[in-house]
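Dear colleague,

Please find the structure below, with its sequence. My notes on it follow.

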Amino acid sequence: MACQQFDSVADQLQIPVADRDRLKFPKRSMTVALPIRRDDGTTEVFSAYRVQHHLTLGPTKGGLRYHPDVELGEVAALAMWMSWKCALTGLPYGGAKGGIACDPRKLSAGELERITRRYTQEMIPFIGPQVDIMAPDLGTNEQVMAWMMDTYSVHMGYSVPSIVTGKPVLLGGSLGRREATGRGVAYLVNRAADTVGLDCGKATAVVQGFGNVGSVAALSLAKYGVKIIAVSDAFGGIYNAAGLEVWQLDRYVAEHKTVVGFPEAEPISNAQLLETPCDILVPAAMERQITGENAARIQCRILAEGANGPTTPEADAILQARPEVFVIPDILCNAGGVVVSYFEWVQDLQSFFWNESEISDKLFRILEGAFMQTLNLSRKRGIPMRQAALSLGISRVHEAKKARGLFP
Ligand code: NAD
């Protein structure tokens, strides 16, 4: 998907063939085997990856994912999207991504800590605050980042908070980082609503995934007056046409670890959820959820891609023929996370910390700029929002590579 999107934008931007592989191929791809002692005394080997897509504009930046389906190709695609996302928002980073093929729900806290520390140790030659900075993604959280920071710091002999972002505030994390992606999604939905003439106070939303991104997006949309009528997670979904009490739901999920069983709601499958009529649809779980099979049946006015890669190129082709659906593409829609990660890194490097309103103001200013540039390009060239966002990101990296030249 990532390569297909790149090729189509490269054709449209008329990037010389000689430059394309340089932009496309990941600079560094690491595969490591992690032997871990399980609680029952046995040893199990897990496959783990890190891909650094380009180092042209600064260190690489990107999340670390724990999921059974993680493999090198997926990590490379996610790293490439991170590059275009950072360039679109003007951050001094290349993209990266990492992952361990494991199911974190089936690991004890001790096993999770050992796997995280071993991964960090294996990565030490390839990471650093000026080389590659990790952050949480699917299946990882603040605690995982705290273990990574500790492992790296013990190795160096002094505390290095700037080695990861998305860590606890107590350890040099940034206020507002945990909420940044979901808040950014809601901010951009609000801007898209202005653009298409939708009143958020009368709008309904459906959110797939109720983790970090989905839950905060739902809560933030509710603050804008949007009625959340359906949400789901990996275990199933819930629906209530009159609107779900999202604050109560958030507490319910903290206790039960799933949205399933929440009172005053009917069960709904993930497939039905995506086709539920609503004004705002927020896929905030996994890749490839809106496909050639179901794209014609989604019924929303705004598609806000909280997840990375939730829409396949086949689905995109169908959506292009449906101008009534306004797409906020992933590299724009979920960029709030990496923007506040960047703020966290800057604060750690200068050991001077900002308050939450400074962070929100700076975040919204960057998202506003990226949204307007994308919208203007989309209108000027008559191209879809995704094509416009990718064009901005890819052309900036291309220009930077040309300016630096080819060594030797
Ligand atoms: P998370 O692990 O906190 O939450 C993921 C949620 O999706 C959970 O509720 C899980 O149960 C649910 N889920 C998993 N598989 C599902 C399925 N097949 N159907 C329905 N729901 C399913 O992860 P997250 O950090 O919220 O990340 C979600 C997405 O957002 C990912 O695509 C990630 O790459 C992207 N993203 C995250 C951040 C961030 O700051 N965390 C930033 C940018 C993009």
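**Aromatic pairs, cores and backbone**

Tyr187 has a relative accessibility of 14% and therefore counts as buried (under 20% relative accessible area; over 50% is exposed and in between is partly exposed, with a 1.4 Å probe and protein chains only). The model is a predicted one, in which local features need pLDDT of at least 70 and side-chain atom pairs count only at pLDDT 80 or more, while totals for chains, interfaces and linings use all residues. Residues are numbered from 1 along each chain as its sequence is written, and side-chain values use heavy atoms, with hydrogens and water left out.

Eight aromatic pairs are present in the structure. Rings of Phe, Tyr and Trp (its six-membered ring) pair if their centres lie within 6.5 Å; planes under 30 degrees apart count as stacked, over 60 as edge-to-face and the rest as tilted. Tyr187 and Phe364 form a stacked pair, because their ring centres are 4.5 Å apart and their planes lie at 5°. Since Tyr187 belongs to helix 6 (residues 177-196) and Phe364 to helix 13 (residues 356-381), this pair ties together parts that are 177 residues apart in sequence. Helices (H or I, at least four residues) and strands (E, at least two) are DSSP runs, numbered from the N terminus. Phe364 is partly exposed, at a relative accessible area of 22%.

Tyr252 and Phe262 form an edge-to-face pair, as the ring centres are 5.4 Å apart and the planes stand at 75°. Tyr252 is in helix 8 (residues 246-256), and Phe262 is in the loop between helix 8 and strand 9 (266-268), ten residues apart. Tyr252 is buried at 14% relative accessibility, and Phe262 is buried at 8%.

One aromatic cluster is formed by Tyr93, Tyr342, Phe343, Trp345 and Trp354. Over the face of Trp354 lies Lys362, at 4.6 Å from the ring centre (a charge sits over a ring if NZ of Lys or CZ of Arg is within 6 Å of the ring centre and within 35 degrees of the ring normal).

The largest nonpolar core comprises 82 residues, and those with the most contacts inside it are Trp84, Ile228, Val231, Ile280 and Ile328. Such a core is a set of buried Ala, Val, Leu, Ile, Met, Phe, Trp, Tyr and Cys residues joined through side-chain atoms within 4.5 Å. Helix 3 (residues 72-88) gives the most to this core, with nine residues. The core lies between domain 1 (19-171) and domain 2 (180-333), because both give residues to it; the domain bounds come from an automatic or database domain assignment. A second, separate core has 27 residues, including Met30, Ile36, Ala48 and Ile163.

All seven of the seven residues of strand 3 (residues 60-66) are buried, so this strand is largely enclosed by the rest of the structure. Strand 3 pairs with strand 4 (residues 94-100) in the parallel sense over five bridges (pairing requires that DSSP finds at least two bridges). Arg65 stands opposite Gly99 in strand 4.

Some backbone features also deserve mention. The peptide bond from Phe407 to Pro408 is cis, with omega near 0°, and Pro408 is found in the segment after helix 14 (385-404). Gln14, although not a glycine, has a positive phi of about 55°; Gln14 lies in the loop between helix 1 (2-13) and helix 2 (17-24) and is exposed, at a relative accessible area of 67%.

Yours sincerely
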